[in-house]
Amino acid sequence: MIDAGRVGIVLVSHSAALAAGTAELAGQVGGGEVVIVPAGGTDDGRLGTSIDKIRYALAAADNGAGVVVLPDLGSSVLTLRALLADGTDLPEPLAVADAPFLEGAVAATVAAAAGGDVKAVVSAAEEAWHARKL
Amino acid sequence: MPASSEASITLAGDLHARPAGSLAIAAAKFESSIELTAAGHSADAKSVLSVMGIGATSGQVVTVRATGPDAAEAVAAITGILADATKVGS
């Protein structure tokens, strides 16, 4: 059941498979209650990033409670920055989480599922820097 | 002084990613701080990565300790999730 009051999440990766797989895993850990939209790869299906894919994903993730975006590396960050600098028709509020991609996506999804706002979701994602797995 | 409450449970299965997620989502609803301890490792129950990080496995005893105004309810809810979510086959 997708709740209209929850923050949406966009995962920006160079790889469509990586973005989709991360969305699948984070969605399952989060109990399927959060909209997570992958934006991976170029428009013609190669490794890379697409400003149009990110733009569509932001709109698709927006339920009215705002959107948190996690980029994977390098040009994901640069393409996202270019889109945010352009600034038109973006969800409000919108925030970028500076976090490890998979761990941040899982933590962000759980925080959104628990009803956290954009700020709480970003801080949950960024706490992933400090989470040890061993 | 804030109320505190504590209970222990023996896990029937491993604490996998999915139950860790359900546990953290449920824990976030309480005002109390909630700590899990298993085999000397502690975790903040409201942080899914922290909960997964303790690596609790079948047969281990997990202690749930809550401190705050809804401590007793929090401990009851979290031990209930640990009992249900780690059942074999879940």
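Modeller: Start with H3(A), which lies across E1, E3 and E4 of chain A. H3(A) runs at about 145° to E3(A). Contact here means that the C-beta atoms of two residues, placed from the backbone, lie within 7 Å. Angles run from 0 to 180 degrees between N-to-C directions, with axes fitted to C-alpha atoms, for helices over the stretch in contact. Helices (H or I, at least four residues) and strands (E, at least two) are DSSP runs, numbered from the N terminus.

Biologist: What should I know about the model and the numbering?

Modeller: This is a predicted model: local features need pLDDT of at least 70, side-chain atom pairs count only at pLDDT 80 or more, and totals for chains, interfaces and linings use all residues. Residues are numbered from 1 along each chain as its sequence is written, while chains are lettered from A and ligands numbered from 1 in the order in which they are written.

Biologist: OK, the sheet in chain A. What is the strand order?

Modeller: E2-E1-E3-E4, as an open sheet of four strands with parallel pairing. Strands pair if DSSP finds at least two bridges between them. E2 and E4 of chain A are the edge strands, each pairing on one side only. From one strand to the next, the twist averages 20°.

Biologist: How many bridges join E1(A) and E3(A)?

Modeller: Five, in the parallel sense. A:Val12 stands opposite A:Pro71 in E3(A). E1(A) also pairs with E2(A) (residues 36-40) over five bridges, again parallel. There, A:Ile9 stands opposite A:Ile36. E3(A) and E4(A) pair over three bridges, with A:Ala95 as the bridge partner of A:Val68.

Biologist: Is E1(A) buried or exposed?

Modeller: Mostly covered. Six of the six residues in E1(A) (8-13) are buried, meaning 20 or more other C-beta atoms lie within 10 Å of a residue's own; 12 or fewer is exposed, and in between is partly exposed, with C-beta atoms placed from the backbone. One side has A:Gly8, A:Val10 and A:Val12, and the other has A:Ile9, A:Leu11 and A:Ser13.

Biologist: Switching to helices. Which residues of H5(A) are buried?

Modeller: In H5(A) (118-126), A:Val118, A:Val121, A:Val122, A:Ala124 and A:Ala125 are buried. They cover an arc of only 160° around the axis, so they sit on the same side of H5(A). That arc is taken from the directions from the helix axis to the C-beta atoms.

Biologist: And what do they pack against?

Modeller: Strands E3 (67-71) and E4 (94-96) and helix H4 (101-113), in chain A.

Biologist: At what angle do H2(A) and H3(A) pack?

Modeller: About 65°, with their axes 10 Å apart. H2(A) gives A:Ile51, A:Ile54 and A:Arg55 to the contact, and H3(A) gives A:Thr79, A:Leu80, A:Ala82 and A:Leu83.

Biologist: Now chain B. Which strands does E4(B) pair with?

Modeller: E1(B) (4-10) and E4(B) (61-67) run antiparallel, joined by seven bridges. B:Thr63 is the bridge partner of B:Ser8. E2(B) (33-38) also runs antiparallel to E4(B), with six bridges. B:Glu35 stands opposite B:Arg65 there.

Biologist: How many residues does each chain give to the A-B contact?

Modeller: Chain B gives 13 residues and chain A gives 15. On the chain B side, H1 (17-27) and H2 (48-53) are the elements that give two or more residues. H1(B) gives the most, with six.
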